[in-house]
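Please keep the sequence and the structure open while reading.

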Amino acid sequence: MKASDGPAAATPDELHNKVASLLNRSRQRYTTGRRRLVEALWNAARPVTIREVTHLLPGLAQSSTYRNLDVLERCGVVRRLAVATDHTHFELAEPLLDHHHHLICVGCGTVSDIQFDHELEEMVDRNLSDVAHEAGFTPLHHSLDLHGRCADCETTQMEGRFA
């Protein structure tokens, strides 16, 4: 199973070089708006909603944000995460970030990144590859999202049961 296309970007300059390369492959330009959007996602260091992006980038029209996120997603720069709430989250895609998974709260929609240790990640890869092989399926990558309730939502739910 393919983990990524090389190591994650460690510095902003490396990030911008990788993004420019990914956009260039798709014959897209790395515009100022797209650069600001990539920087906002990098600085957020977690998946964010459109609303959060527009708050991080005052002056960038919401319509431009949508269009640029769409282009960046099609070029492999951004990953879209559908969660249980009405709000889609966006983050930089692999190989721009290290391989990771998510904790998704079904109450408030918060998305947190988690990483497995190397040994567990290899075991998951091996098992998923075995299952895929048995099904005649060629795996390219995987993502695991754990859905549940964050501590705040769990406390609120418990308080509601006893009120």
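**A buried glutamate**

The model is predicted: local features need pLDDT of at least 70, side-chain atom pairs count only at pLDDT 80 or more, and totals for chains, interfaces and linings use all residues. Residues are numbered from 1 along each chain as its sequence is written, and side-chain values use heavy atoms, with hydrogens and water left out.

**Surroundings of glutamate 121**

- Glutamate 121 sits in helix α5, residues 118-134; helices (H or I, at least four residues) and strands (E, at least two) are DSSP runs numbered from the N terminus.
- The side chain of glutamate 121 makes a polar contact of 3.0 Å with that of histidine 101.
- A polar contact is a pair of N or O atoms within 3.5 Å; within protein, one must be able to donate a hydrogen and the other to accept it, and residues adjacent in sequence count only if both atoms are side-chain atoms.
- Leaving aside residues up to four places away in sequence, glutamate 121 is in contact (heavy atoms within 4.5 Å) with His99, His101, Phe116 and His142.

**Salt bridges**

- Side chains of opposite charge can pair when their charged atoms come close.
- Five salt bridges are found in a search of the whole structure.
- One of them joins the side chains of arginine 35 and glutamate 39, at 3.7 Å from N to O.
- Arginine 35 and glutamate 39 are about one helical turn apart because they are four residues apart in helix α2, residues 32-44.
- Both ends of this pair are partly exposed: arginine 35 has a relative accessible area of 35%, and glutamate 39 has 32%.
- Arginine 46 and glutamate 52 form another salt bridge, with their closest N and O atoms 2.9 Å apart.
- Glutamate 52 is partly exposed at 26% relative accessibility, and arginine 46 is partly exposed at 37%.
- A further salt bridge links arginine 79 to glutamate 91, where the closest N and O atoms are 3.3 Å apart.
- This pair links distant parts of the chain, with arginine 79 in strand β2 (residues 78-81) and glutamate 91 in strand β3 (residues 89-92), twelve residues apart.
- Arginine 79 is partly exposed at 24% relative accessibility, whereas glutamate 91 is buried at 3%.

**Other partners of arginine 79**

- Arginine 79 also has a side-chain polar contact of 3.2 Å with serine 143.
- Beyond residues up to four places away in sequence, arginine 79 touches a set of residues that includes His89, Phe90, Glu91, His102, Ser143 and Asp145.
- Arginine 79 and arginine 25 lie 54 residues apart in sequence, and their C-alpha atoms are 17 Å apart in space.

**The two sheets**

- Strands β2 and β3 run antiparallel and are joined by four bridges.
- Leucine 81 has histidine 89 in β3 as its bridge partner.
- Another open sheet has three strands in the order β5-β4-β6, with mixed pairing.
- Its edge strands, β5 (111-114) and β6 (145-148), each pair on one side only.
- Strand β4 (residues 101-105) runs parallel to β6 and is joined to β6 by four bridges.
- Aspartate 145 in β6 stands opposite histidine 102.

**The chain as a whole**

- The chain holds six helices and six strands.
- From the N terminus on, the order of elements is α-α-β-α-α-β-β-β-β-α-β-α.
- The C-alpha trace spans about 55 × 45 × 30 Å along its principal axes.
- Buried residues make up 31% of the 163 residues of the chain.
- Of the contacts between residues at least 6 apart in sequence, 52% join residues at least 24 apart.

Notes: Salt bridge = Lys/Arg side-chain N within 4 Å of Asp/Glu carboxyl O. Buried < 20%, exposed > 50% of the residue type's maximum accessible area, 1.4 Å probe, protein only. Pairing = 2+ DSSP bridges.
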